[in-house]
Amino acid sequence: MPVIRTLGTVARQVQQVQQVLPLTVAVRNISFSPRQVTSDASFHSVSFSETDHPKVLITGGLGQLGVGLAKLLRKRFGKNNVILSDIRKPPSNVFHSGPFIYSDILDYKNLREIVVNNRITWLVHYSALLSAVGEANVALARSVNITGLHNILDIAAEHGLRLFVPSTIGAFGPTSPRNPTPDLCVQRPRTIYGVSKVHAELMGEYYHHRYGLDFRCLRYPGIISADSMPGGGTTDYAVQIFHDAIKSGKFECNLKPDTRLPMMYIDDCLRATLEVMEAPADSLSMRTYNINAMSFTPEELSQELQKQMPELEVTYDVDLVRQAIADSWPMDFDDSNARKDWGWKHDYDLPELVQTMLNYFGVETRMVQAS
Ligand code: AKB
């Protein structure tokens, strides 16, 4: 009983504090913080009527997905309404294709300046260390993936932004159901990358409920792209195989031939991102959704490629770190909620993926020869 009474007193005190400061949990400073957002405030109906279009900032813009997403969003919202950012120097084609800006997600003031000066309304947060590289540098992964995310959440809440943060199949672990993995189940990942992504999902959802932050999150499978390389993931083999097949006709895979993982072609991934960002708030029964397109093993991918390149030789030299990670991840992903709620539908299965990748490299090869 005394315990209950004590808890009751604490609850009353909390209530009183909330009444005095209804919006307050100091996060950054007094004048601008998520506490200033009323608990019933809703950004779900953010209106872009002022400019007709959202003004988008993409962090980590020089990774595998940023340039492609910027291209898609610029087509839809206009070139100058989408700002790509990174801490690295952009190649000249990226620099000349639209606005590019230096932004360091670990520097809160720098982020705030960009958001304020450019009147940003949507933030797509792509900065992160992936699974394999994260295991090789846990302290950096923790800093970028967790501390960086805190900055992003606070900026987004304080400025009423619509925020997209990607999560991943890596947010699941060996105790999750693996075939298929539903949206809601045990999530006990064994990588710092996975832990940071579960943290991002939960923090985003918390900020949504607590401050009305319009947080949207998709769990991406392994993404396969032709003109951009992933950096340090477990699913990277599925991109590398195309490059090596074209270059040398040989590929050494760092995962076992029967390692089944969910995968998706980049165009599907970027379209899904735009679609969930544009989905009416009342269609979203959740804030974090699995999305999927196909599931395959290195052996199945090699066989599909060998239909077009019979001379391709594939050998295996297993990387134990990557293999352990892959063995703890979903083999197939249940994305039925995304399909039901906001109409998610993939375009590319394995045969179309392989054909599209080979077409891309064929075109590129001819272009190189021509030049
Ligand atoms: C990785 O392999 O780390 C990423 C992912 C599946 O999130 N591609």
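**Exercise 1. A helix with a buried side**

Task: Which residues of helix H11 (residues 320–327) are buried, and what covers them?

Solution: Keep in mind that you are looking at a predicted model.
- Step 1. Go along H11 and pick out the buried residues: they are Arg 322, Ile 325 and Ala 326.
- Step 2. Look down the axis of H11. These residues cover an arc of only 95° around it, which means they sit on the same side of H11.
- Step 3. Recall a general rule: an α-helix has 3.6 residues a turn, so residues three or four places apart point the same way.
- Step 4. Now find the cover. Helix H5 (131–136) and strand S10 (261–265) are included in what lies over the buried residues of H11.

**Exercise 2. The sheet around S10**

Task: In what order do the strands of the open sheet of 3 strands that contains S10 follow each other?

Solution: Start with the order, then take the pairs.
- Step 1. The order is S8-S10-S12, and the pairing is mixed.
- Step 2. Strand S8 (222–224) and strand S12 (294–296) are the edge strands, each pairing on one side only.
- Step 3. On average, neighbouring strands of this sheet are turned by 45° against each other, direction ignored.
- Step 4. Take S8 and S10: they pair in the parallel sense over 3 bridges. Here Gly 222 has Met 263 in S10 as its bridge partner.
- Step 5. Take S10 and S12: they pair in the antiparallel sense, also over 3 bridges. Pro 262 has Ser 295 in S12 as its bridge partner.
- Step 6. Check how well S10 is covered: 5 of its 5 residues are buried. Leu 261, Met 263 and Tyr 265 point one way, while Pro 262 and Met 264 point the other way.

**Exercise 3. Strand S4 and its partners**

Task: Which way do the residues of strand S4 (residues 122–125) point, and with which strands does S4 pair?

Solution: Treat the directions before the partners.
- Step 1. Trp 122 and Val 124 point one way from S4, Leu 123 and His 125 the other way, and all are buried.
- Step 2. Strand S1 (residues 56–59) pairs with S4 in the parallel sense over 4 bridges. In this pair, Ile 58 stands opposite Val 124.
- Step 3. Strand S5 (residues 162–164) runs parallel to S4 and is joined to S4 by 3 bridges. The bridge partner of Leu 123 in S5 is Leu 163.

**Exercise 4. One residue in its surroundings**

Solution: Begin with the place in the chain.
- Step 1. Leu 270 belongs to helix H9 (residues 266–278).
- Step 2. Count neighbours: Leu 270 has 20 other C-beta atoms within 10 Å, so this residue is buried.
- Step 3. Leaving out residues up to four places away in sequence, Leu 270 touches Leu 65, Gly 68, Leu 69 and Leu 72.
- Step 4. Compare with Ile 223, 47 residues away along the chain: the C-alpha atoms of Leu 270 and Ile 223 are separated by 9.9 Å.

**Exercise 5. Around the ligand**

Task: How many nonpolar, polar and charged residues does the shell around the ligand have?

Solution: List, then sort.
- Step 1. The residues around the ligand include Leu 130, Ser 131, Tyr 193, Tyr 220 and Gly 222.
- Step 2. Sorted by class, the shell has 5 nonpolar, 7 polar and no charged residues.

Terms used:
Residues are numbered from 1 along each chain as its sequence is written. This is a predicted model: local features need pLDDT of at least 70, side-chain atom pairs count only at pLDDT 80 or more; totals for chains, interfaces and linings use all residues. A residue is buried if 20 or more other C-beta atoms lie within 10 Å of its own, exposed if 12 or fewer, and partly exposed in between; C-beta atoms are placed from the backbone. Helices (H or I, at least four residues) and strands (E, at least two) are DSSP runs, numbered from the N terminus. Two strands pair if DSSP finds at least two bridges between them. A residue is near a molecule or strand if its C-beta atom, placed from the backbone, lies within 6 Å of it. Ala, Val, Leu, Ile, Met, Phe, Trp, Tyr, Cys and Pro count as nonpolar, Asp, Glu, Lys and Arg as charged, and the others, Gly among them, as polar. The arc is that of the directions from the helix axis to the C-beta atoms. Two residues are in contact if their C-beta atoms, placed from the backbone, lie within 7 Å. Axes are lines fitted to C-alpha atoms, for helices over the stretch in contact, and angles run from 0 to 180 degrees between N-to-C directions.
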